[in-house]
Each structure stands twice: as C-alpha cells, then as structure tokens.
Amino acid sequence: PLLFGYSCEPKRLKMSETFKKMKAYVGGGNNEEDRGFVDDVRSELNCCKDMSWATRIKGFVICLAIGIALSILGTIMFWVSLTAFAVLYSLGTITSIASSFFLMGPLRQLKKMVDPNRLIATIVMIISIALTFCAAFWWKIGALCLVFVVIQLLAFTWYCLSYIPYARDCVIKGVTSCC
C-alpha cells in the first residue's frame, strides 16, 4: 500500500548473506539443525514483517501510551517510593523506545539507534537508565536518582528529535537565543 506516495511495506534485508557470514565466523556447519536455527533467528528478527500497516500503527500507539503512562506513574511515585520511581520511569523510557519496533522492526531500530547521528544520545540514555537503577537500588540517594532521570529525559528527547529534520537545529537556536 502507498502512503503519501511511499510504500509502507518494509524493505527485505539480505539476511541470508548476513547469516552466512555469521555462520562462517562462528564455524557453523551446513547440517539441517543449523539451517533450522538460522530460520528461527531470521523469523524472530523479522517479527513485524507479517503485520499489516494498521496493526503496526496500533501496536506503536499502544506501546507508546504504555511507556508514557509508566513514566507518568513513575513520576508520581517519586514521593512514595524511590525504587518504584526508578523502575517505572525507566521502564516507561524503554517501552517508549520499543514502541518503534512495531514501525520498522527490532533489527532496523537497533541499527538506527547506533547510527552516528544518534549514537551519543543512545549511549547517554542507556547509561542514565543504568545509573538511575544504581541510585535507587544500591546508593539509595533520591536526589541523584532524580538527576539521572532528568539526564535520561534529555537524552531521550534529543534521541527523538534526531528523527525530525532540523528539529535539533531549531532547539539549539532556541536555547542559544534565550541565553
């Protein structure tokens, strides 16, 4: 189907070549069991290819709504339980990112996350999620947990802005004009 002149169907990845290289690297044989494993992995990586575009959009919206709800609930829980705050807010961030798996598939999304344009935001976001858990579970310092959540939020926002053309430039200009 076409949407605004663009095909909504995902492009087929040349997975067979990738798996052949992977097999050669790890020394895989050519027996029937190995082919079954490769087929299983391939189908797991292309889990969204059989979904219709409408189903993908619904999955994306539902998953994103759950992520936002978890983040809001986590924010409310800050005053009640530091551990619940860290877990709910971080799971909200992770779920929000995972929602895009429905649109482009997990493998393509992970590749986009490590794209040079998004790599720093991805690394900062992952580290801040880990440090949020550390601040809540091991160090038990509420202020530090809040600092890491703010960093997590900023990194997630910067990551999301990378998908909108010129959005980062607009934010930079807006911030510099205010200073």
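Which loop does Lys140 lie in? Lys140 is placed in the loop between H7 and H8, and point 7 returns to this residue.

1. Basis of the model. This is a predicted model, in which local features need pLDDT of at least 70 and side-chain atom pairs count only at pLDDT 80 or more, while totals for chains, interfaces and linings use all residues. Residues are numbered from 1 along each chain as its sequence is written, and side-chain values use heavy atoms, with hydrogens and water left out.

2. Overall make-up. The chain has 9 helices and 2 strands. Helices (H or I, at least four residues) and strands (E, at least two) are DSSP runs, numbered from the N terminus. Read from the N terminus on, the order of elements is β-β-α-α-α-α-α-α-α-α-α. Of the 179 residues, 29% count as buried; buried means under 20% relative accessible area, exposed means over 50%, and partly exposed lies in between (1.4 Å probe, protein chains only). The accessible surface of the chain is about 11800 Å², and 71% of that belongs to carbon and sulfur atoms. Areas come from the Shrake-Rupley method with a 1.4 Å probe, and for residues only the protein chains shown count as cover. Among contacts (heavy atoms within 4.5 Å) with a separation of 6 or more, 60% are between residues 24 or more positions apart.

3. Nonpolar cores. A nonpolar core is a set of buried Ala, Val, Leu, Ile, Met, Phe, Trp, Tyr and Cys residues joined through side-chain atoms within 4.5 Å. The largest one has 9 residues: Phe78, Phe85, Ala86, Tyr89, Ala135, Ala136, Cys145, Phe148 and Val149. At least two residues of this core come from each of helix H4 (82–98), helix H7 (119–139) and helix H8 (142–161). A second, separate core of 8 residues includes Met113, Ile129, Ala155 and Tyr159. In soluble globular proteins, nonpolar side chains tend to be buried together.

4. Aromatic residues. Rings of Phe, Tyr and Trp (its six-membered ring) pair if their centres lie within 6.5 Å; planes under 30 degrees apart count as stacked, over 60 as edge-to-face and the rest as tilted. By this rule there are 6 aromatic pairs. Phe78 and Trp79 make an edge-to-face pair, because their ring centres are 4.8 Å apart and their planes stand at 80°. Phe78 counts as buried at 19% relative accessibility, whereas Trp79 is exposed at 74%. Phe85 and Tyr89 form a tilted pair, 6.3 Å centre to centre with 40° between the planes. These two residues are 4 apart in helix H4, so about one helical turn separates Phe85 from Tyr89. Phe85 is buried, with a relative accessible area of 2%, and Tyr89 is buried at 9%. Phe78, Trp79, Phe85 and Tyr89 form one aromatic cluster. Leaving aside neighbours within four places in sequence, Phe78 is in contact with Phe85, Gly142 and Leu146.

5. Surface patch. Ile68, Ile72, Leu73 and Ile76 form a nonpolar patch on the surface, with about 370 Å² of accessible area together. Patches are made of residues with over 30% relative accessible area and no salt bridge: like charges are joined within 9 Å, nonpolar side chains (Val, Leu, Ile, Met, Phe, Trp, Tyr) within 5 Å. Leu73 lies in helix H3 (residues 53–76) and is partly exposed, with a relative accessible area of 40%.

6. Salt bridge. The structure holds 1 salt bridge, defined as a side-chain nitrogen of Lys or Arg within 4 Å of a carboxyl oxygen of Asp or Glu. The side chains involved are those of Arg118 and Asp115, at 3.7 Å from N to O. Arg118 is buried, with a relative accessible area of 8%, while Asp115 is partly exposed at 30%.

7. Loop residues. Lys140 has a phi near 50°, a positive value in a residue other than glycine, and counts as exposed at 58% relative accessibility. Tyr166, in the loop between H8 and helix H9 (167–178), has a phi near 65°, also positive in a residue other than glycine. Tyr166 counts as exposed at 65%. Ser99 is placed in the loop between H4 and helix H5 (101–104) and counts as buried at 1% relative accessibility. Leaving aside neighbours within four places in sequence, Ser99 is in contact with Phe60, Cys63 and Leu64.
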